[in-house]
Every structure is written in C-alpha cells, then in structure tokens.
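Biologist: I would like to go through this model with you and ask about the words used for it. Please show it first.

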Amino acid sequence: MSILVSDVSKRYGAQPALSQVSFSIRKGEIVGFLGPNGAGKSTMMKIITGYLPPASGQVSVCGFDIATDGLASRRKIGYLPEHNPLYTDMYVREYLAFIAELYGLNRVRQRVEEMIDTVGLTQEAHKKIEELSKGYRQRVGLAQAMIHDPEVLILDEPTSGLDPNQLAEIRDLIVRIGQEKTVMLSTHIMQEVEAICSRTIIINKGQVVADRPTTELRTFGAGDSYELNVEFSGPVNQAQLLQLTGVLHVRATGTHGWTIEVSNAHDIRPELGRLAAERSLNILALARSEHRLEAVFKELTNSRQNPARG
Ligand SMILES: Nc1ncnc2c1ncn2[C@@H]1O[C@H](COP(=O)(O)OP(=O)(O)OP(=O)(O)O)[C@@H](O)[C@H]1O
Ligand SMILES: [Mg+2]
C-alpha cells in the first residue's frame, strides 16, 4: 500500500477539520481528492506529507509510519502545496538546484535538466520564477516535487487557475507521471477527476462521503437515472421518445434537441438511432449530461447541511 490513512482526526482550536478519516491508496493509482472549500483536503495532505501532526490516527507512506519514521516517509513523498509557494526571486535552475541539494542528491545539474525537460520548462528555464506565468510556476512546483524521484506525489489543486491550454497540458503531464508513480491530487472539478483519476475520494466537512472507482461516480448517491442530451437534424415527437424502454422523462432543449432522463439499467442509444433512421433524420449530437456529475457532487456534499435529509 502506498498510502494508508486510518482513523485520522484533526481540529484547529474548537473547529474540527477532519473526523476519523480512513482510506488507502495502492501503488500506481491516480486518486482524486474532491470536496468543497473547507472540506479538509489541504489539511489531510499536510498530515500525509508530515507538515502537520494529526490529533489522532495513523498514517503510513510506503510502509513507513509518518510519526515514527518521518524522515523515511518524507523521502518517499513529493508534495505540491496549495498556492505553490516558491522562492520567486530565484532563477528556475537555481531554485531546482537548491531543492536538489536539500535532498542531498548527486549530479544536481543533470537532475535539474532532466526535471526541466520532464515538466516542459525548457523555453522558460532561463527566467526568474517571478517572471513566469501561473502555468509555468505550476510546472516548477511539479519539478521540485519530483526532483528526488519519490514514489508518491501529493498535489494540492495542481490545476487551479490555469487557462484551458495549460490545464490540458498539466493534466497530460500528471497522467504521464502517474504511469510510474502513485498520485493523490485535490481538485474541486468533477470533470477533472473523471479525466485523469482512476478512483475518487470525496470529502465533506472532514468526513469521507464517497470512495470509489471514478467510472461508478455518475451512478452514485443521486438516484437511479442518468440524463442524455440528443440533437436531431429535424423534428421528433415527444411521445415517441417517451415510448422508448427506460425513458422516465423528456424535455425539449433548443430547436430539435432533447434532454432525456433514462433509468440506469437501460441504454437507449441504439433505439435513438433507429428512431432517427425511421424518420430519415440524423443525430447531430449525443452525450450524457454533465449536470449529472454536478448533481452527484452536490448530493454528496450538501446532504449533511440539510436537516430535512437527515
Ligand atoms: N491554520 C488553520 N487555523 C485554523 N483553521 C484552519 C487552518 N487551516 C485550515 N483551517 C480550517 O480547517 C478546515 C479545513 O480546511 P482545509 O484548508 O483543509 O480545506 P480544503 O478542503 O483544503 O479547502 P479549499 O478547497 O478551500 O482549499 C476549514 O474550516 C478551515 O477554515
Ligand atoms: Mg485546500
């Protein structure tokens, strides 16, 4: 097991931040750690990385207990903290060499160049960190996290505030890194975990409310149905859509578009194809509604605030 967290609790003064949190992450997994603001994500990551002691509970990383084997466990971990604090008046190479020396690495120069190459910093590596855009600072953060070749990477909101191009590149980079390492990353974005994480842990108010393979998330917690958005090239009768097996509800969206709620047990896509063919129409678009993911997230992270739902 790469990361083992059992029964961890933490409070700041009177305020509980984590309550008996347990989970484990196997070697080679990319796990998404999802939750609303203040849920306890950063607190949990600081505890795993040894920056903050838990009030109770145990954490081990690659078999080393963080309380009794702190030094050994830290060597196994690379950490990109929230807000990515960097020495901004240092040059990129200077900073990475400084970190490499802190770890006591040999062949510092060579290692720095390897990291610059890995994270795609070559074009910007001659600059001071303060001169870099946010996406490139994030790459410096990833490079410093990986410079000692740790087995486990803990990344606290690695893609926050990036433009769509940088976002895609950093996600690709994390997926590439994840082929060799165990990765735990936090995010607020359900679509992000869907794009890159094999498993998702959702935390709310300091407690784990879901821990499952990401592919199962869509059908979790919020009912037994899903939504499909379909757009035909011409008019279709609402009654015909309602007749398809498994269809629970239909609503018109746009000119020839429909949002169809379907029971989980049914896949109506072949029947939609037949319906279109019968009417000599084409299907211009067909996709699951992304709102479904948002609904799952809301359901899991709002229920405890709503006494009506217990
Ligand atoms: N140093 C601190 N002193 C007091 N309270 C703190 C401190 N750090 C965190 N907290 C509180 O602990 C709770 C969890 O905070 P944490 O930063 O772990 O949440 P988070 O899930 O990372 O949130 P975000 O998505 O906003 O980054 C919050 O209620 C926060 O106010
Ligand atoms: Mg945080």
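Modeller: Bear in mind that this is a predicted model. Start with two helices: Val 92, Tyr 95, Leu 96 and Ile 99 in H3 meet Val 140, Ala 143 and Gln 144 in H5.

Biologist: Why is H3 called roughly parallel to H5?

Modeller: The axes of H3 (residues 92-102) and H5 (residues 134-146) cross at roughly 25° and come within 9 Å. Angles under 35 degrees count as roughly parallel, so H3 is roughly parallel to H5. The crossing in which H3 passes H5 is right-handed.

Biologist: Now the sheet. Which strands form it, and in what order?

Modeller: The order is S2-S1-S4-S5, four strands in an open sheet with antiparallel pairing.

Biologist: Why do S2 and S5 stand at the edges?

Modeller: Strand S2 (15-25) and strand S5 (64-65) each have a single partner strand, so one side of each has no neighbour in the sheet. Helix H1 (residues 41-48) packs on the sheet and touches S1, S2 and S4. The direction of H1 makes about 120° with that of S1.

Biologist: How do you know that S1 and S4 pair?

Modeller: Pairing takes at least two bridges. Strand S1 (residues 3-12) and strand S4 (residues 56-61) have five bridges, in the antiparallel sense. Among the bridge partners in S4 are Ser 60 for Leu 4 and Gln 58 for Ser 6.

Biologist: What makes S4 and S5 a pair?

Modeller: S4 and S5 have two bridges, also antiparallel, and at least two are needed, so they count as paired. Val 61 stands opposite Phe 64 in S5. The two strands form a hairpin with two residues between them, and Cys 62 in the turn has a positive phi of about 50°.

Biologist: Where is Ala 72 relative to Val 61?

Modeller: Ala 72 is in helix H2 (residues 70-75). It is eleven residues from Val 61 in sequence and 8.9 Å from it in space, C-alpha to C-alpha.

Biologist: Why is Ala 72 called partly exposed?

Modeller: Ala 72 has 14 C-beta neighbours inside 10 Å. A buried residue needs 20 or more and an exposed one has 12 or fewer. The count of 14 lies in between, so Ala 72 is partly exposed.

Conventions. Residues are numbered from 1 along each chain as its sequence is written. Chains are lettered from A and ligands numbered from 1 in the order in which they are written. This is a predicted model: local features need pLDDT of at least 70, side-chain atom pairs count only at pLDDT 80 or more; totals for chains, interfaces and linings use all residues. Two residues are in contact if their C-beta atoms, placed from the backbone, lie within 7 Å. Axes are lines fitted to C-alpha atoms, for helices over the stretch in contact, and angles run from 0 to 180 degrees between N-to-C directions. Angles under 35 degrees count as roughly parallel, over 145 as roughly antiparallel, 65 to 115 as roughly perpendicular and the rest as oblique. A crossing is left-handed if the near helix is turned anticlockwise from the far one by less than a right angle, and right-handed if clockwise.
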